[in-house]
Amino acid sequence: MRRRLAALAAIPLLAFAGAAQADAPSEKAPDPIGDLLITALTGTLPSAPDFRLKASLYHAGARGVGVFDSLGCKVVAMRTAAIDARLIPKRTILFIKETVGLPLPDGSTHDGYWYASDTGGAIKGQRIDLFTGMGAKSMQNLRSVNLANLTVTKAGEFKGCPPG
């Protein structure tokens, strides 16, 4: 509620800033107030690099899939993501908005955060592979994102192994 009120209170400031910028040269100037308002309204980080990655799913028990990721950590259902490390570095926390609200194995809902801790032979370039859990049945909750182009944002970094 406070975010919305702060955003509404800043609208006159935006109108004033917009009028002042109309007289300025057309080069792109930093806009910290605009970035702050966008963050408050959308909940996303300003200027965060976004990727459109084609998703695929994988599960433990499939051919070539073990219980450890490429960092040597145990894979975590609905949290571990395999990426191309040349595009997204390992140990990156990712936010995938299309996974927000999906059911988790414990009955809660997904918050959209994944951990780039795995790689795969077929994961090259603009691809991401999402670990669903044990057995093919674990893929059921993510069927809607399989082979879809997902919006992936870098949300931070983690040390050690991803939380389980």
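Guide: The torsion about the S-S bond of cysteine 73 and cysteine 161 is about -80 degrees, so this disulfide is left-handed. Please keep in mind that what you see is a predicted model. In it, the sulfur atoms of cysteine 73 and cysteine 161 are 2.0 Å apart. A disulfide is a covalent bond between the sulfur atoms of two cysteines.

Now follow the chain to each end of the bond. Cysteine 73 sits in the loop between β1 (50-60) and β2 (80-82), while cysteine 161 belongs to the segment after β6 (149-157), so the bond ties together parts that lie 88 residues apart in sequence.

Let's step back to the chain around the bond. Its secondary structure comes to two helices and six strands, and from the N terminus on, the order is α-α-β-β-β-β-β-β. Of the contacts with a separation of 6 or more, 77% are between residues 24 or more positions apart. Buried residues make up 34% of the 164 residues. The accessible surface comes to about 10,100 Å², and carbon and sulfur atoms account for 59% of that.

Serine 108 is partly exposed, at 32% relative accessibility. Its side chain makes a polar contact of 2.6 Å with the side chain of aspartate 106. Leaving aside residues up to four places away in sequence, serine 108 touches Leu102 and Pro103.

Finally, a word on confidence. The pLDDT of the chain averages 79, and 70% of the residues score at least 70. Over residues 3-8, however, pLDDT stays under 50, and the model has five contacts beyond four places in sequence for this stretch. Residues 12-28 are also below 50, with two contacts in the model beyond near neighbours in sequence. Where pLDDT is low, the predicted coordinates should not be read in detail.

Key. Residues numbered from 1 in each chain as written. Predicted model: local features only at pLDDT ≥ 70, side-chain atom pairs only at ≥ 80, totals over all residues. Heavy atoms only, no water. Helix = DSSP H or I, 4+ residues; strand = E, 2+ residues; numbered from the N terminus. Buried < 20%, exposed > 50% of the residue type's maximum accessible area, 1.4 Å probe, protein only. Contact = heavy atoms within 4.5 Å. Areas by Shrake-Rupley, 256 points an atom, 1.4 Å probe, with all protein chains shown as cover. pLDDT = per-residue confidence, 0-100. Polar contact = N/O pair within 3.5 Å; in protein donor to acceptor, adjacent residues only side chain to side chain. Disulfide = S-S within 2.5 Å.
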